[in-house]
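Here's a quick briefing to read alongside the structure. Have the viewer open and follow along topic by topic.

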Amino acid sequence: MNKSIVNALKSVAVLVCVSVVCVAVLAVCNMYFPKYTPTLDRATAERINAICPTGVTDGEAFDKKYIVMLGSDDHGVDLDKYNKSNKSKKAEILAVYGEPKGENAFSYIIESSSTGRDGDIVILIAYRDAVIVGAAVKKQGESYYNKLPAELFDFLTGKSGDVDLGAEFGKTGATLSLNAINRAVNLSNDFAITYNSAIRNSMTDMASAAETNEKGEAVEL
Amino acid sequence: MTRSEFKKTALGGITSNPVFVLVLGMCPTIAKSDNVINAVSLGLCTAAVLILSNVIISLLRKVIPDKVHLPAYIIVIASLVTLVQMIVSSFLPTLNDSIGAFISLITVNCIILGRAEAFAGKNKVLPSFIDGVSMGIGFVLSITLLGAVRQGLTAAFGSGFFDKTMGGFIVLGLMMALFNQIFHIVKQRQKHRAALIERGEP
């Protein structure tokens with residue numbers, strides 16, 4: 001075989017080997033390094049209290065557990081299943097927060113995320129009956145975030161269903177960040193409709209169960 | 001490695017300071033030296049990548065054919081930067097929010113590729129490690145100093161100028177001039193002392 005071909009093949013082989021080793025190391029690290037997990041800390045409780053006021057101070061809202069992270073057993077909505085079925089939307093629902101006693105079950109806060117220019121943007125969106133009542137960013141590291149209009153989250157108030165932030169705010173200089181927020185909001189709005197109907201169903205079930213109990217007690221008497 | 005070679009390599013971070021003498025890696029230096037914490041953090045991330053890339057490239061120097069050494073170096077450097085970014089985003093999320101965007105840019109920081117090309121690709125592992133440590137410390141110190149001066153000036157004169165790019169360039173220029181002037185004086189003194197010793201004068 002020609003010497004130059006051998007040299008070329010050797011070069012390609014070395015590059016492939018170096019790439020494979022690098023990719024393998026990164027893949028292993030990616031598997032074992034901890035990922036972002038939503039937590040209800042004091043800062044998150046403050047943000048939630050600002051977009052969806054509980055009527056008490058930030059400290060009280062956190063300390064006295066006016067806001068809690070809701071699990072899938074609360075209204076029977078499985079977040080993992082929902083995210084898997086909506087993988088193509090390039091956004092994720094991370095958690096749902098609400099009050100613990102079920103008195104204001106139709107008021108809840110959805111934490112969703114989508115990948116922007118420099119990583120994931122995590123936003124908190126407060127809903128009342130599947131309509132947005134407030135929104136705030138929880139975590140972002142976007143280099144052009146300050147180019148986004150200040151009224152961005154105010155604009156979302158009163159909205160439900162699909163929103164088009166690009167059409168509303170035009171060229172901002174932070175297109176990728178705006179698109180990520182748009183994706184996260186739209187997925188969150190879609191999830192809110194599912195979540196609302198789940199709450200309604202669970203309440204109907206609870207009411208019919210209570211009715212059955214009352215009838216049973218009356219028959220016994 | 002002889003003693004003089006060690007001394008020359010170990011002092012490389014000062015005599016060939018990447019910021020004040022070689023004027024390399026200006027983009028992150030200006031962008032993230034607006035306060036000390038950002039400056040130290042980015043400096044340490046860059047130093048970590050520099051040391052590791054120097055060691056790995058030095059280990060692979062005989063295996064990598066000359067024709068493809070640049071793409072191979074870039075693959076190694078980019079992988080190390082990704083690794084550092086993964087570590088920062090997993091274990092230091094708050095820091096990731098403030099300097100995360102600039103960690104990716106370490107890949108194209110001229111200091112790293114410059115040292116790989118000029119030193120690690122031609123020398124053994126130990127000298128390359130020492131060069132990485134020396135250059136890394138030099139970069140961390142210079143970017144931290146710049147960050148401290150800019151933060152001090154911002155505190156004294158208010159925000160809007162010294163914490164912005166324009167103010168950063170001016171402060172960097174002045175500090176560069178000062179550093180080179182001090183370095184020139186030190187060199188002159190050393191020369192003078194050497195001449196005196198040569199002539200046998202005390």
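A:Met69 sits opposite A:Tyr97 of strand S2 in chain A. That pairing belongs to the join between S1(A) and S2(A) (residues 91–98), which run antiparallel and share 3 bridges. Keep in mind that this is a predicted model.

**The sheet in chain A**

- Zooming out, chain A has an open sheet of 5 strands, ordered S1-S2-S3-S4-S5, and the pairing is antiparallel.
- Strand S1 (68–70) and S5 of chain A are at the edges with a single partner strand each, so one side of each has no neighbour in the sheet.
- Going from one strand to the next, the twist averages 30 degrees.

- S4(A) (residues 120–128) and S5(A) (residues 131–139) pair in the antiparallel sense, with 7 bridges.
- Which residue in S5(A) is the bridge partner of A:Ile125? That's A:Ala135.

- Helix H2 of chain A (residues 42–51) lies across S2, S3 (107–115), S4 and S5 of chain A.
- Relative to S5(A), H2(A) runs at about 150 degrees.
- Chain A is divided into domain 1 (1–33) and domain 2 (37–220).
- The centres of those two domains of chain A, taken over C-alpha atoms, are 44 Å apart.

**Helix packing in chain B**

- Over in chain B, helix H4 (residues 36–60) packs with helix H8 (residues 125–157) at an angle of about 165 degrees, and their axes are 8 Å apart.
- The H4(B)/H8(B) crossing is right-handed.
- Residues of the contact of H4(B) with H8(B) divide into 20 nonpolar, 11 polar and 1 charged.

**Where chain B touches chain A**

- In this interface, 20 residues of chain B are in contact with 21 residues of chain A.
- On the chain B side, the elements giving two or more residues are helix H5 (69–91) and helix H6 (93–104).
- H5(B) provides the largest share of that side, 10 residues.
- By class, the side of chain B that touches chain A has 12 nonpolar, 6 polar and 2 charged residues.

Key:
Residues are numbered from 1 along each chain as its sequence is written. Chains are lettered from A and ligands numbered from 1 in the order in which they are written. This is a predicted model: local features need pLDDT of at least 70, side-chain atom pairs count only at pLDDT 80 or more; totals for chains, interfaces and linings use all residues. Two strands pair if DSSP finds at least two bridges between them. Helices (H or I, at least four residues) and strands (E, at least two) are DSSP runs, numbered from the N terminus. Domain bounds come from an automatic or database domain assignment. Axes are lines fitted to C-alpha atoms, for helices over the stretch in contact, and angles run from 0 to 180 degrees between N-to-C directions. A crossing is left-handed if the near helix is turned anticlockwise from the far one by less than a right angle, and right-handed if clockwise. Ala, Val, Leu, Ile, Met, Phe, Trp, Tyr, Cys and Pro count as nonpolar, Asp, Glu, Lys and Arg as charged, and the others, Gly among them, as polar. Two residues are in contact if their C-beta atoms, placed from the backbone, lie within 7 Å.
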